[in-house]
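Welcome! Keep the sequence and the model side by side, and try each exercise before reading its solution.

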Amino acid sequence: LAVSKDFYTINKKNEWITNKYSRGRVHLIRSHHDCLITSSSTVNADNPRLTCRIMGMECMSPARIILDNKLKININSKILKEAKYYKTFIFYNKDNKKKIKLLKKMNVRVQKIPIDGKKNLDLELVLLKAKKLGFSRILLESGLKLSTNFLSNKLVNDLKLFISNKNLKTNGSGSIKKYLSTFLKNK
């Protein structure tokens, strides 16, 4: 998770919070996992590839699981365009037969997952399904909402925090400070 010195997860003025060295480290971290979980909100906002782009290690990119309750993912996103090269799954709850058919055509595997009491995909079932798919080293790389859902449900056992030397102040949004203190208290 990348955060500013004042614990914001979004820089309103710049795409990046941290630097190229932190981003390089994230590529290395990805190579040590067999699966990466993100949300359609992150995909739609950032249009990431979520691959390992270290020369010679591209083949060590993890499979990608995108949590997309209502199938709102942008069909033209980089992650979907590369689904023919990297295993890509979408876990959803609300059916959209037309979009499911299109996703399958793009080599995306779709899986319906029940929702929890807060109308989010049931994260424990998400992790169980990932395990059944053969994934055991799972990396969560997402924005504030999904990250805090995992943290508050105590489903995080190792947190990599990249803290920028910048205070974003009014240029920042999405503070994670209270969730981090809760996580640290539980450890």
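**Exercise 1.** How many residues does helix 1 have, and what does helix 1 pack against?

Step 1. Helix 1 (residues 20–31) has 12 residues. Helices here are DSSP runs of H or I with at least four residues, strands are E runs of at least two, and both are numbered from the N terminus.

Step 2. From first to last C-alpha, helix 1 reaches 17 Å, close to the 16 Å expected at 1.5 Å a residue. The expected span is 1.5 Å times one less than the number of residues.

Step 3. Ser22, Val26, His27, Ile29, Arg30 and Ser31 of helix 1 are buried. Buried means under 20% relative accessible area, exposed over 50%, and partly exposed in between, with a 1.4 Å probe and protein chains only.

Step 4. These buried residues pack against strand 3, strand 7 and strand 8 (162–163); contact means heavy atoms within 4.5 Å.

A word on the source: this is a predicted model, where local features need pLDDT of at least 70, side-chain atom pairs count only at pLDDT 80 or more, and totals for chains, interfaces and linings use all residues. Residues are numbered from 1 along each chain as its sequence is written, and side-chain values use heavy atoms, leaving out hydrogens and water.

**Exercise 2.** In what order do the strands of the open sheet lie?

Step 1. The order of the 5 strands is 6-5-4-3-7, with parallel pairing. Two strands pair if DSSP finds at least two bridges between them.

Step 2. Strand 6 (109–112) and strand 7 (138–140) are at the edges with a single partner strand each, so one side of each has no neighbour in the sheet.

Step 3. Strand 5 (residues 88–92) pairs with strand 6 over 4 bridges, and Phe89 stands opposite Arg109 in strand 6.

**Exercise 3.** Which residues have the most contacts inside the largest nonpolar core?

Step 1. A nonpolar core is a set of buried Ala, Val, Leu, Ile, Met, Phe, Trp, Tyr and Cys residues joined through side-chain atoms within 4.5 Å.

Step 2. The largest has 20 residues, and Ile37, Ile65, Leu67, Phe91, Val126 and Phe135 have the most contacts inside it.

Step 3. Strand 3, strand 4, strand 5, helix 5 (123–132) and helix 6 each give two or more residues to this core.

Step 4. A second, separate core of 19 residues includes Leu71, Leu103, Val108 and Leu139.

**Exercise 4.** How many disulfides does the structure hold?

Step 1. There are 0 disulfides, a disulfide being a pair of cysteine sulfur atoms within 2.5 Å.

Step 2. For Cys52, the nearest cysteine sulfur is that of Cys59, 8.3 Å away.

Step 3. Cys52 is buried at 1% relative accessibility, whereas Cys59 is exposed at 72%.
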